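The exercises below ask you to read a structure step by step. Please look at the sequence and the model first, and try each task before you turn to its solution.

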Amino acid sequence: MSGKLVILSAPSGAGKSTIIEHLLKKDFKLEFSISACTRNPRGNEKHGVEYYFLPPEDFKNKIVKNEFIEWEEVYEDHYYGTLKSEIDRIFAKGNNVIFDIDIAGGLNIKKQYGDKAISIFIMPPSVEELENRLIKRGTDSPENIKKRIDKAKFEISFANKFDKTIINDNIDIAVYETEKILNEFLNKKI
Ligand code: 5GP
């Protein structure tokens, strides 16, 4: 059994996680793809919920054993990747997969799955607004915020490589627009 893949990519702080939370509550049979990563849990994050938090050696072992569909060094010394077993697990339940993944990873998965996947870029209203949101979130150090902003500027230049772009100026409108796209994509026979 195999479902479809919904890829949401965005610069950090563009509101992607909030959109995903809303979509998961809808009737789309979507299940969140839990990535593996080597960073430490933040706040209330738990192993096997937000991420599979792995020691770097374990992560590297899995790369060698070809267990990832894709992986990236998203931030210096911080690796993130999608395990093949995760997609198998979700498809086996008859669900569709939704990914919260960085730009390179999103484009990579789209390339591998073609028409079975839709890639959606969530665009922040502006870089200044993005910086404000990261500061307000209060989970990153100033150096980390600077790193994320520099990366965001670079990432925004890839938006036109995605199937769809949603500008997240207003969360309700962004969710509504994403739902409209998914209604069409998930109901289409491929
Ligand atoms: P955070 O540390 O804020 O949770 O996530 C950092 C970035 O890593 C986000 O842009 C997120 O989308 C990305 N990311 C999460 N999981 C994966 C993954 O499996 N592969 C890739 N390439 N990026 C990921």
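**Exercise 1. Two residues in loops**

In which loop is the place of Lys29, and between which helix and which strand does that loop run?

Solution. Keep in mind from the start that this is a predicted model. Begin at helix H1, which covers residues 16–24, and follow the chain towards strand E2, residues 30–32; Lys29 has its place in the loop between these two elements. Next, turn to the backbone, where the phi angle of Lys29 is near 50°, a positive value in a residue other than glycine.

Now find Asp77 and decide whether this residue is buried or exposed.

Solution. Asp77 is in the loop that joins strand E5 (68–75) to strand E6 (78–83). Its phi is near 65°, which is again a positive value in a residue other than glycine. For the last step a cut-off is needed: a residue counts as exposed when its relative accessible area is over 50%. Asp77 has a relative accessible area of 56%, and therefore it is exposed.

**Exercise 2. A loop residue and its surroundings**

Locate Asn168, and work out which residues it touches beyond those up to four places away in sequence.

Solution. Asn168 lies in the loop between strand E9 (164–167) and helix H7 (171–187). Leaving out residues up to four places away in sequence, the contacts of Asn168 are Ala14, Gly15, Ile19, Ile122, Met123, Pro125, Arg133 and Ala174. The cut-off for a buried residue is a relative accessible area under 20%. The relative accessibility of Asn168 is 4%, so Asn168 counts as buried.

**Exercise 3. Salt bridges**

How many salt bridges does a search of the whole structure find?

Solution. The search finds 14 salt bridges. One of the pairs to examine is Asp100 with Lys16, whose closest N and O atoms are 2.8 Å apart. This pair links distant parts of the chain, since Asp100 belongs to strand E7 (residues 96–100) and Lys16 to helix H1, and the two residues are 84 residues apart. Both partners, Asp100 and Lys16, are buried.

Continue with Lys62 and Glu67, whose side chains meet in a salt bridge with an N to O distance of 3.3 Å. Lys62 is partly exposed at a relative accessible area of 22%, and Glu67, at 25% relative accessibility, also counts as partly exposed.

Then compare Asp140 and Arg137, where the salt bridge has an N to O distance of 2.9 Å. Here Asp140 counts as buried at 12% relative accessibility, whereas Arg137 is partly exposed, with a relative accessible area of 37%. Finally, look for Glu31, Glu86, Arg89 and Lys93, which are linked in a network of salt bridges.

**Exercise 4. Around the ligand**

Which residues come nearest among the 17 residues around the ligand?

Solution. The nearest of these 17 residues are Ser35, Arg39, Tyr51, Glu70 and Tyr80. For the polar atoms, start with Arg39, which has a polar side-chain atom 2.7 Å from an oxygen atom of the ligand. Go on to Lys16, where an N or O atom in the side chain is 2.8 Å from an oxygen atom of the ligand. The side chain of Asp100 likewise has an N or O atom 2.8 Å from a ligand oxygen atom.

How values were computed:
Residues are numbered from 1 along each chain as its sequence is written. This is a predicted model: local features need pLDDT of at least 70, side-chain atom pairs count only at pLDDT 80 or more; totals for chains, interfaces and linings use all residues. Side-chain values use heavy atoms; hydrogens and water are left out. Helices (H or I, at least four residues) and strands (E, at least two) are DSSP runs, numbered from the N terminus. Buried means under 20% relative accessible area, exposed over 50%, partly exposed in between (1.4 Å probe, protein chains only). Contact means heavy atoms within 4.5 Å. A salt bridge is a side-chain nitrogen of Lys or Arg within 4 Å of a carboxyl oxygen of Asp or Glu. A residue is near a molecule or strand if one of its heavy atoms lies within 4 Å of it. A polar contact is a pair of N or O atoms within 3.5 Å; within protein, one must be able to donate a hydrogen and the other to accept it, and residues adjacent in sequence count only if both atoms are side-chain atoms.
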